[in-house]
Amino acid sequence: MQTDTVKRFLNALSPASREDVQQMPAEKQEQMAAAWEKYLSDDTSLLTLSELDPPSAEHRAAEHVIQDLH
């Protein structure tokens, strides 16, 4: 069963990235979602964007987490 964090993380991804992540084990998805939340809270360049355009900031952070896979 997915947590709310995993669902939000998946929704922030591009469709192609979302498909890749959904193929991973649930534990890996949860780890990535936790990394995504940490990235969102720690990256100061996203702070302003998150106030102006939260979906864009979430998408950027999610794609950053995905790039770490490749």
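## Overall layout

The protein chain folds into five helices and zero strands, and this is a predicted model. Reading from the N terminus, the order of elements is simply α-α-α-α-α. Of the 70 residues in the protein chain, 31% count as buried.

## Helix α1 and its partners

Let's start with α1, which spans residues 4-12. Its neighbour α2 covers residues 15-22, and the two pack at about 140° with axes 8 Å apart. On the α1 side the contact uses Phe9, Leu10 and Asn11, while α2 brings Arg18, Val21 and Gln22. Sorted by class, that contact has three nonpolar residues, two polar and one charged.

Next up is α3, residues 26-42. At what angle do α1 and α3 pack? The angle is about 75°, and the axes are 9 Å apart. An angle from 65 to 115 degrees counts as roughly perpendicular, so α1 and α3 are roughly perpendicular to each other. From α1, the contact takes in Thr5, Val6, Arg8, Phe9, Leu10 and Ala12; from α3, it takes in Gln29, Glu30, Met32, Ala33, Trp36 and Glu37.

In the contact of α1 with α5, five residues are nonpolar, one is polar and two are charged.

## The nonpolar core

The largest nonpolar core has 17 residues, and the members that touch the most others are Phe9, Leu13, Val21, Met32, Trp36, Ala62 and Ile66. Which elements give two or more residues to this core? They are α1, α3 and α5. The top contributor is α5, with five residues.

Setting aside neighbours within four places in sequence, Phe9 is in contact with Val21, Met32, Ala33, Trp36, Ala62, Val65 and Ile66.

Leu13 sits in the loop between α1 and α2. Is Leu13 buried or exposed? Its relative accessible area is 2%, and the cut-off for buried is under 20%, so Leu13 counts as buried. Leu13 is also among the core members that touch the most others.

Leaving out residues up to four places away in sequence, Leu13 touches Arg18, Val21, His59, Ala62, Glu63 and Ile66. As for distance along the chain, Leu13 and Arg60 are 47 residues apart, yet their C-alpha atoms are separated by 8.4 Å.

## Two aspartates to look at

Asp43 is in the loop between α3 and α4, where α4 is residues 44-52. Its relative accessible area is 17%, so Asp43 counts as buried. What does the Asp43 side chain pair up with? A polar contact of 2.8 Å links it to the side chain of Tyr39. Asp43 and Ala61 are 18 residues apart in sequence, with 8.7 Å from C-alpha to C-alpha.

Asp20, on the other hand, belongs to helix α2. At 43% relative accessibility, Asp20 counts as partly exposed, because that class covers values from the 20% limit for buried up to the 50% limit for exposed. Asp20 and Ile66 are 46 residues apart in sequence and 9.2 Å apart in space, again C-alpha to C-alpha.

Conventions: Residues are numbered from 1 along each chain as its sequence is written. This is a predicted model: local features need pLDDT of at least 70, side-chain atom pairs count only at pLDDT 80 or more; totals for chains, interfaces and linings use all residues. Side-chain values use heavy atoms; hydrogens and water are left out. Axes are lines fitted to C-alpha atoms, for helices over the stretch in contact, and angles run from 0 to 180 degrees between N-to-C directions. Helices (H or I, at least four residues) and strands (E, at least two) are DSSP runs, numbered from the N terminus. Contact means heavy atoms within 4.5 Å. Ala, Val, Leu, Ile, Met, Phe, Trp, Tyr, Cys and Pro count as nonpolar, Asp, Glu, Lys and Arg as charged, and the others, Gly among them, as polar. Buried means under 20% relative accessible area, exposed over 50%, partly exposed in between (1.4 Å probe, protein chains only). A polar contact is a pair of N or O atoms within 3.5 Å; within protein, one must be able to donate a hydrogen and the other to accept it, and residues adjacent in sequence count only if both atoms are side-chain atoms. A nonpolar core is a set of buried Ala, Val, Leu, Ile, Met, Phe, Trp, Tyr and Cys residues joined through side-chain atoms within 4.5 Å. Angles under 35 degrees count as roughly parallel, over 145 as roughly antiparallel, 65 to 115 as roughly perpendicular and the rest as oblique.
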